[in-house]
Protein chains: 2
Amino acid sequence: MPAPERTSLAEVVAAGCDLLEEAGPTGLTMQAVAGRVGVRAPSLYKKVRDRDELLALVATDAAEDVGTRLASTDGTLAGLVRAYRSFGHDRPEAFRLLLTARPDPGTPQRMSEPVLRAAEELVGPERALEAARFATAWVTGFVSMELAGSFHLGGDLEDAFDYGLERLAAALVPPA
Amino acid sequence: MPAPERTSLAEVVAAGCDLLEEAGPTGLTMQAVAGRVGVRAPSLYKKVRDRDELLALVATDAAEDVGTRLASTDGTLAGLVRAYRSFGHDRPEAFRLLLTARPDPGTPQRMSEPVLRAAEELVGPERALEAARFATAWVTGFVSMELAGSFHLGGDLEDAFDYGLERLAAALVPPA
DNA sequence: ACCTGAACACCGTTCAAGT
DNA sequence: ACCTGAACACCGTTCAAGT
């Protein structure tokens, strides 16, 4: 009765990430994931409690990806914002998932800390949290709408992004 | 062979809206909607092509709600932004749906036009579109994150919102 | 100890048969 | 002309039985 495992949790999560982007949230079925890792659906329940936990693990993977991307920028608000937008372009479904499913506690910290530091650099410690939220809300909304096709009035999206980034910087200056 | 209809499209859409808020997108099943309007699931296919079309109709209803709310503000950017946020608080699932499903063409116009006018008032016609997108992206992101519980660093959300609104106004001033 | 087929409850959707 | 039960394909999930 040896029975070595034919897959691993990491492989299952990776298959989940791939399927999410290729087929959307509804395409991320237990059967499809199982097929990817060469096993039958019931076997997945040895690795995860249920589909919701798998989604949370995929969300955590996405949050870690964001954290890593942010950490390898120059740390300026513009750099952080651009890195976050790139993540949204590279993994649109994961971006959306992060606004729905809750990743592991602890991981979100890696996403917010660099932004908080950049905001503090600009407006000082007093209003750093509010300034960070201002910037985060803007870029989150911009990329969400961009991915959803919600900018339906034509015009150049890059213009709108550059304009927003410039106005953001102008808005976040030390208090008089 | 008279057979008068036992429900109507409007009733079906209204039931869809209610169920969406009460049970989330996954709770909005054809069987649950059918139960609400006193009919069996197959009968719904006399009113809508499939579940996706029902979701689009619910999204259209939500977009019209937003349009009406925006139209009954004072037309200032602050007024519009506050009305949009109130919509998100009153119908959180519908708010999320608007960032996913596409409502009927034409309806989005009613949502963006008042914002465009307010932006033009502030920065002039040259950059009105970009300014409107700046404001829209910020409030969309703020409410999305608020509803998702993504502001995980404590602090007062009303402070963050008021700060953002104030910085938004400061950022959107006529060019020098 | 992991894997599997079979089973169950639940979906969306179609369609022939009722009235 | 609308409504329905029955049916089909597809989910997520459980579990006893295999190795």
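By class, 15 nonpolar, seven polar and eight charged residues line the largest pocket of this predicted model (Ala, Val, Leu, Ile, Met, Phe, Trp, Tyr, Cys and Pro count as nonpolar, Asp, Glu, Lys and Arg as charged, the others, Gly among them, as polar). Local features need pLDDT of at least 70 and side-chain atom pairs pLDDT 80 or more, while totals for chains, interfaces and linings use all residues. Residues are numbered from 1 along each chain, chains are lettered from A in the order written, and side-chain values use heavy atoms, without hydrogens and water.

The volume of the largest pocket is about 1,300 Å³. A pocket is an open set of points on a 1 Å grid where a 1.4 Å probe fits, with protein on both sides within 12 Å along at least five of seven lines; lining residues have an atom within 4 Å of a point. The volume is the space filled by probe spheres set on the points, which are joined across faces, edges and corners. Of the 30 lining residues, P25(A), T26(A), T100(A), P25(B) and T100(B) are the closest to the pocket centre. The largest share of the lining, five residues, comes from α1(B) (helices are DSSP runs of H or I, at least four residues, numbered from the N terminus).

Helices α4 (residues 77–90) and α6 (residues 107–123) of chain A pack at about 150°, with axes 9 Å apart. Axes are lines fitted to C-alpha atoms over the stretch in contact, and angles run from 0 to 180 degrees between N-to-C directions. α4(A) is therefore roughly antiparallel to α6(A) (over 145 degrees). L77(A), L80(A) and Y84(A) of α4(A) meet M111(A), P114(A), V115(A), A118(A) and L122(A) of α6(A) (heavy atoms within 4.5 Å). The residues of this contact are eight nonpolar, no polar and no charged.

Technical notes
Helix = DSSP H or I, 4+ residues; strand = E, 2+ residues; numbered from the N terminus. Parallel < 35°, antiparallel > 145°, perpendicular 65-115°, else oblique.
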